[in-house]
Structures are given as C-alpha cells and as structure tokens.
Amino acid sequence: MGLLSGIMGLTSDADIDEVRSDLDPMLLPDEDVDLAFRVVRDLFVFTDLRLIIVDKQGMTGRKRHIQSIPYRAITMFAIETAGNFDVDSELTLWLSGQPPLLRQLSRRADIAGIQRALAHGVLDRK
C-alpha cells in the first residue's frame with residue numbers, strides 16, 4: 001500500500017485491487033497504485049508515477065474519459081475548502097503548457113490527505 005490509507009467523508013475509498021484490475025491495461029508492469037478514491041462517479045488514482053483521473057460519462061457510466069497526468073507535468077496545485085455556504089471543495093491543478101484543470105471535491109473530503117498525496121507525487125524527487 002502507498003502513502004495514504006484512507007479518505008473519509010463523502011469521498012469514499014475505492015478498492016485498490018479492483019482499481020488495479022480495471023486499469024491494468026494502462027499501468028506499467030511495476031507501477032504501484034498508492035491511493036484511489038471516488039468523488040461521486042469519478043475516480044482519482046494516485047500511482048507512484050502519475051495521477052489518473054477517470055471521469056465516467058453518460059447515463060450508464062460505460063463511457064469514460066481517462067486522464068493520465070505525470071507528476072512532473074504538475075507545476076502547481078491548490079485546494080479550496082468549502083465555506084459556510086459552499087457545498088463543495090475544489091481542486092485545481094496547473095499543468096505544463098495546459099490550462100488549469102479544475103475538479104469538484106466533496107465538502108467532507110480529506111483535503112489534507114489529498115494535498116499530501118499530491119505533494120508526495122509532485123515534490124518527492126528521488
């Protein structure tokens with residue numbers, strides 16, 4: 001298992017083995033899935049090499065948009081927490097040569113855990 005073992009609140013942990021099996025065709029042979037969690041129908045997967053965002057689309061969710069973001073491409077990240085009247089938190093990723101990527105997170109998402117996972121991937125240069 002990787003850096004973080006759980007995300008609490010409305011954002012639920014995804015089963016790592018299930019995620020690994022589902023994404024196996026796109027994972028490198030020795031790539032490890034460290035953390036995976038669901039936000040409504042979407043899936044955020046932190047591996048030791050990249051962040052994978054799976055956006056389920058359509059009524060059935062069979063159609064998926066999968067983004068693979070190498071940590072080295074993330075130049076900056078920010079998380080805006082929910083206020084008294086806000087219902088969601090927001091994650092913003094700035095990527096090299098791309099417009100910022102904005103994703104909604106649940107109000108009770110483990111913001112500190114998400115920031116640690118991003119910091120580990122982006123800042124931990126081995």
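A salt bridge is a side-chain nitrogen of Lys or Arg within 4 Å of a carboxyl oxygen of Asp or Glu. The model is predicted, so local features need pLDDT of at least 70 and side-chain atom pairs count only at pLDDT 80 or more, while totals for chains, interfaces and linings use all residues. Residues are numbered from 1 along each chain as its sequence is written, and side-chain values use heavy atoms, with hydrogens and water left out.

**Stop 1: helix H1.** Select residues 16-23, which form helix H1; helices (H or I, at least four residues) and strands (E, at least two) are DSSP runs, numbered from the N terminus. Display Asp17 and Arg20, whose closest N and O atoms are 3.1 Å apart in a salt bridge. The two lie 3 residues apart in H1, separated by about one helical turn. Asp17 is exposed at 55% relative accessibility, whereas Arg20 is partly exposed at 29% (buried means under 20% relative accessible area, exposed over 50%, partly exposed in between; 1.4 Å probe, protein chains only).

**Stop 2: from H1 to strand E5.** Select Asp22 and Arg64 next; their salt bridge has its closest N and O atoms 2.7 Å apart. Asp22 in helix H1 and Arg64 in strand E5 (residues 63-70) are 42 residues apart, so the pair links distant parts of the chain. Arg64 is partly exposed at 34%, and Asp22 is partly exposed at 38%.

**Stop 3: strand E4.** Finally, select Arg50 and Glu31, a salt bridge with closest N and O atoms 2.8 Å apart. Arg50 belongs to strand E4 (residues 50-57), and Glu31 to the loop between H1 and strand E2 (33-39), 19 residues apart. Both Arg50 and Glu31 are buried.
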